[in-house]
Amino acid sequence: MSRHETSPTTVQPAGNNRPNACCFCWCCCCSCSWNEDQDRTRKASRDTKLDTIPNCETCTNPTLDEVYVWSQSFDRLMKNPAGRNVFRQFLRTEYSEENMLFWLACEELKKEVNKGLIDEKSRIIYEDYISILSPKEVSLDSRVRENINRKMQEPTAHTFDDAQLQIYTLMHRDSYPRFLNSTIYKSLIQSVSRSSSES
């Protein structure tokens, strides 16, 4: 290095205790190593504390009658674990599985009675599905978001009820008609028809 060149330095504003800060962005939106470490820590704690939604719900194989009923009633589809599994598989192909994951998380929260667990589960649902920083953020209108933000001061098992209804309605009106015309649903009908005719 010549004596006229200076080595690059990192400027840190007074009062900032962040180690190895790499930029002028102090709001944690950059991808510096400090943020990566924080993200890893948050993700690890969230994964171990509350990962109650399995990749696939435990259920029995649906009957042909059940599969046909799903085409007439979205409510019946959503009340049936096998129906939710198939619909969730379809949502995954449309990159909208977070809608079902959010709906399931809200259903789990409604069953909770322990105040400490309600607070924790509410915070995790908020971080995973409501926060604009989440990659799994669900699409909600501003009125519902503001309502949730107010309720998060003292969360209850019903903090997300309005949001859950909005996402349920979105899946019913938007994804459900496409699901009924999908190869996933049509293949299931064929498979279950074959099985029932063989028995």
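**Notes on the salt bridges of this model**

1. Let's start with Arg88: this residue is buried, with a relative accessible area of 4%. Here "buried" means under 20% relative accessible area, "exposed" means over 50%, and "partly exposed" is in between (1.4 Å probe, protein chains only). A word on the background: this is a predicted model, where local features need pLDDT of at least 70, side-chain atom pairs count only at pLDDT 80 or more, and totals for chains, interfaces and linings use all residues. Residues are numbered from 1 along each chain as its sequence is written, and side-chain values use heavy atoms, with hydrogens and water left out.

2. What does Arg88 form a salt bridge with? Its partner is Glu97, and the closest N and O atoms are 2.7 Å apart. Glu97 is buried too, at a relative accessible area of 15%. A salt bridge here is a side-chain nitrogen of Lys or Arg within 4 Å of a carboxyl oxygen of Asp or Glu. By this rule the model has eleven salt bridges.

3. Arg88 and Glu97 also belong to a network of salt bridges, in which they are linked with Arg92.

4. Now look at Glu94, whose side chain meets that of Arg178 in a salt bridge (2.7 Å, N to O). Glu94 lies in the loop between helix 4 (81-93) and helix 5 (97-111), while Arg178 is in helix 8 (residues 161-180), so this pair ties together parts that are 84 residues apart in sequence. The helices are DSSP runs (H or I, at least four residues), numbered from the N terminus. Both ends of the pair are partly exposed: Glu94 has a relative accessible area of 26%, and Arg178 has 35%.

5. Arg178 has another partner to find: a salt bridge joins this residue to Asp174, with 3.2 Å between the closest N and O atoms. Why are the two separated by about one helical turn? Arg178 and Asp174 are four residues apart in helix 8. Asp174 counts as partly exposed, at 37% relative accessibility.

6. Finally, visit Asn114, in the loop between helix 5 and helix 6 (115-130). With 40% relative accessibility, Asn114 is partly exposed. Its C-alpha atom is 9.5 Å from that of Ala157, a residue 43 residues away along the chain.
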